[in-house]
Every structure is written in structure tokens, then in C-alpha cells.
Amino acid sequence: MNSYLRIIYVVVICLAVGYLSSLVTQSSVTTWYPTIEKPFFNPPNRLFAPVWTLLYIMMGISGGMIWTAYESDPEKVKKAMLFFTVQLLLNALWSYLFFGLNNILVALIEIILLALIIYETIHLFKEIKPKAAWLLIPYLAWVLFATVLTASIFWLNR
């Protein structure tokens, strides 16, 4: 498979995960989420979809770039893509925990783990293709912001 197809394939997977996560989120955004206390820095709901779409595209490009390096160092790429897959699954799990189960504490614990796995993914990607690692920095920044937001929501609703 050529490099561009690998990148497109990973972008599609990331966008599909984002779409599936949004299905869990949609009903809760109009029912449970408006009833809980949120901090003053909580962004408007309309901001989340475009930000996440851009982040999923950047994640997909990054993951695809790493996959294209498979032939040059299969063991490093396998490990890096394992971490990439784990962080993608944890990303989807957070939506289910927070919006699906309305369990803010477990979602907070999980998002901390997610941030750590993203950090390690960036480190592994940097060893293979530094540009791919850089593409994940905005994602980590957004997840760290979401961690602070989740912690604040937990604190306000305890």
C-alpha cells in the first residue's frame, strides 16, 4: 500500500472513532450535560465538533506517517502504532464514561491515563518521524485542557 493510502486509511479510522464517540455524546449534550455545573472557562458546545474533527485529521495524518515507516523499522513502528491505537480507544472510552455513563470521576481518571498515553505516543513517534510527533502536540494540549475541564466539572458537581 502506498504512503498516501496509508495516511488516508488512518485518517478515516480516526474520523470514524470520532463519529462513533459523537453518537454517545449527542443525546447527553441536550439532556444531562446542561444540568451540571461547569466552570467559567467551559467552551461553547459548538466549538467541540470542529476542534475534534481537525484533531482527528491531524492524528490520522500523524499515524499514517508512522505507518509509512514500517519497512524501515518494523519493531519501532509496531510499538508506536500500538500506543497510537490504545490512545485512540481511550479517547473513545472517555466519551462513553463521561457522556454515556455520566461518571465524571471515572472519566477524570481515564483522561489522565489518556494524556499519559498520548505523551508516550508522541515520544515514540518522535523517534521515527519527528513531524508526525509534532502533529500530536495540539491533541495533547486539547486533552490536557479537557482534563482540567473534567476535573473542574467533577469538583463543581461532587
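These exercises work through a predicted model of one protein chain.

**Exercise 1. Overall fold**

Task: State how many helices and strands the protein chain has, and judge its radius of gyration against a compact globule.

Solution: 
- Step 1. Count the elements. The protein chain has six helices and zero strands.
- Step 2. Read along the sequence. The pattern is α-α-α-α-α-α.
- Step 3. Compare the radius of gyration. A compact globule with 158 residues would be near 15 Å, and the protein chain has 16 Å, so the two agree.
- Step 4. Along the principal axes, the C-alpha atoms fill a box of roughly 50 × 25 × 25 Å.
- Step 5. Check the contacts. Take those between residues at least 6 apart in sequence: 80% join residues at least 24 apart.

**Exercise 2. Helix 6**

Task: Find the reach of helix 6, and say which helices its buried residues pack against.

Solution: 
- Step 1. Helix 6 covers residues 137–156, which is 20 residues.
- Step 2. From first C-alpha to last, helix 6 reaches 29 Å. That is close to the 28 Å expected at 1.5 Å a residue.
- Step 3. List buried residues. Among them are Tyr-139, Trp-142, Val-143, Leu-149 and Ile-153. Thr-147, Thr-150 and Ser-152 are also on the list.
- Step 4. Find their partners. The buried residues of helix 6 pack against helix 2 (45–67), helix 3 (74–100) and helix 4 (104–128).

**Exercise 3. Aromatic pairs**

Task: Describe the geometry of the pair Phe-84 and Phe-125, then that of Trp-94 and Phe-98.

Solution: 
- Step 1. The whole structure has 16 aromatic pairs.
- Step 2. Phe-84 and Phe-125 are stacked, 5.8 Å centre to centre with 20° between the planes. The pair links distant parts of the chain, with Phe-84 in helix 3 and Phe-125 in helix 4, 41 residues apart. Both Phe-84 and Phe-125 are buried.
- Step 3. Trp-94 and Phe-98 are also stacked, at 4.7 Å and 10°. About one helical turn separates them, because they are four residues apart in helix 3. Both Trp-94 and Phe-98 are buried.

**Exercise 4. Charged side chains**

Task: Which ring lies under Lys-38, which lies under Arg-158, and is Arg-6 buried or exposed?

Solution: 
- Step 1. Lys-38 lies over the face of Tyr-33, 4.5 Å from the ring centre.
- Step 2. Arg-158 lies over the face of Trp-155, 3.5 Å from the ring centre.
- Step 3. Arg-6 is in helix 1. Its relative accessibility is 10%, so Arg-6 counts as buried.
- Step 4. List its partners. Not counting residues up to four places away in sequence, Arg-6 touches Met-1, Gly-64, Trp-67, Thr-68, Tyr-70 and Glu-71.

Notes: Residues numbered from 1 in each chain as written. Predicted model: local features only at pLDDT ≥ 70, side-chain atom pairs only at ≥ 80, totals over all residues. Heavy atoms only, no water. Helix = DSSP H or I, 4+ residues; strand = E, 2+ residues; numbered from the N terminus. Expected span 1.5 Å × (residues − 1). Buried < 20%, exposed > 50% of the residue type's maximum accessible area, 1.4 Å probe, protein only. Contact = heavy atoms within 4.5 Å. Phe/Tyr/Trp six-rings, centres within 6.5 Å; stacked < 30°, edge-to-face > 60°. Lys NZ or Arg CZ within 6 Å of the ring centre and 35° of its normal. Rg over C-alpha atoms; globule rule 2.2 N^0.38 Å.
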